[in-house]
Amino acid sequence: QRRVAITDGGLYEHVLNVNDIITVPTTMMFLGCLFLIISFFAIVGALCEVVIMLKIYMSIVAIVLILEVLLMGVCVAMRGDVEKRAVLVIHNLMEHYGNKTSDDLSIITKTIDETQIWLSCCGLERPGDWGDPEIAKYWAATNNPDSSLNFELPLSCCRDRAATSCAYTNTTEGHKLYYSAGCRAQFEEFVEGNVTYITVGGIVMIVLQVFVMISALKIRFELSSKYDQDDYLGNSANMEITSL
């Protein structure tokens, strides 16, 4: 597997993606600003009865709707790439698990621990990965320097959350004490098991947006009819005054 070179700050730059233009925080900020602008056009257009703002609102919602449909298709088509990227990130994190030098805030350690507890897994492919210096570089060098078959696992691998020690023995009895499944398999199973819910959630959001568009269209036509009627009455009154 390809591994990321770790330089000054390189770990967080690659794992947390802080040097890229498109990051999770910037994406969320962009979406928040976009929704704020869309809501502004909808609220002002409806309350102040500004037809042009309602037209702009419907145009923006229609574009967002099309992009959401395309995004859902891309996500389903590239699901395998997303899984590979997640596995690569976990692998990079495992190399520095427990290392206070490269992980002085224990962010990596906490992330791995929470992931293993959440997915009920241990290691990338199997619990034995924690003794492999090619995968868990720092942990293996610290807890299994002689490449023994028996070594200490992170406490997050233990089924008993109150355990103070978690020894790897690769036996049936040992598998009863710690999670025997690797995080890769568990993550893939989690994705497969939740694809349906994610798809249904996306469809519900699309249906709600279509309903909102129909409501905005209805308000727009009502306002247009109202203005046309006012213009007609105004012109009729002017014609009567002129005839007098």
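Exposed means over 50% relative accessible area, buried means under 20%, and partly exposed is in between (1.4 Å probe, protein chains only). The model is predicted, so local features need pLDDT of at least 70 and side-chain atom pairs count only at pLDDT 80 or more, while totals for chains, interfaces and linings use all residues. Residues are numbered from 1 along each chain as its sequence is written, and side-chain values use heavy atoms, with hydrogens and water left out.

**Stop 1: the Lys176 salt bridge**

The side chains of Glu173 and Lys176 form a salt bridge at 3.7 Å, N to O. The term requires a side-chain nitrogen of Lys or Arg within 4 Å of a carboxyl oxygen of Asp or Glu. Both residues sit in helix H7 (residues 172–177), three residues apart, so about one helical turn separates them. Helices here are DSSP runs of H or I with at least four residues, strands are runs of E with at least two, and both are numbered from the N terminus. Glu173 is exposed too, at 52% relative accessible area.

**Stop 2: more salt bridges**

How many salt bridges does a search of the whole structure find? It finds four. Select Arg126 and Asp129 for another one, at 3.5 Å, N to O. Compare the two ends. Arg126 is partly exposed at 48%, whereas Asp129 is buried at 3%.

Now go to helix H8 (residues 183–243). Glu188 and Arg184 lie four residues apart there, about one helical turn. Salt bridges that share partners join these two residues and Glu125 into one network. The Glu188–Arg184 bridge spans 3.5 Å, N to O. Glu188 is partly exposed at 29%, and Arg184 is partly exposed at 27%.

**Stop 3: aromatic pairs**

Show the rings. The whole structure holds seven aromatic pairs. Select Phe40 and Phe41: their ring centres are 5.9 Å apart and their planes meet at 70°, so this pair is edge-to-face. Rings of Phe, Tyr and Trp (its six-membered ring) pair if their centres lie within 6.5 Å; planes under 30 degrees apart count as stacked, over 60 as edge-to-face and the rest as tilted. Is Phe41 buried or exposed? Phe41 is buried at 18%, while Phe40 is partly exposed at 48%.

Next, select Tyr168 and Tyr178. Their centres are 5.7 Å apart with planes at 40°, so the pair is tilted. Tyr168 is in strand S2 (residues 167–168) and Tyr178 in the loop between H7 and H8, 10 residues apart. Tyr168 is buried at 11%; Tyr178 is buried at 0%.

Finish the rings with Tyr97, Trp130 and Trp139, which form one aromatic cluster.

**Stop 4: Ile38**

Move to helix H2 (residues 24–47) and pick Ile38. Ile38 is buried at 10%. Which residues does Ile38 touch, not counting those up to four places away in sequence? They are Tyr57, Ile60, Val61 and Val64. Contact means heavy atoms within 4.5 Å.

**Last stop: zoom out**

Colour by secondary structure. The protein chain has eight helices and two strands, in the order α-α-α-α-α-α-β-β-α-α. Of its 244 residues, 29% count as buried. Among contacts with a separation of 6 or more, 57% come from residues 24 or more positions apart.
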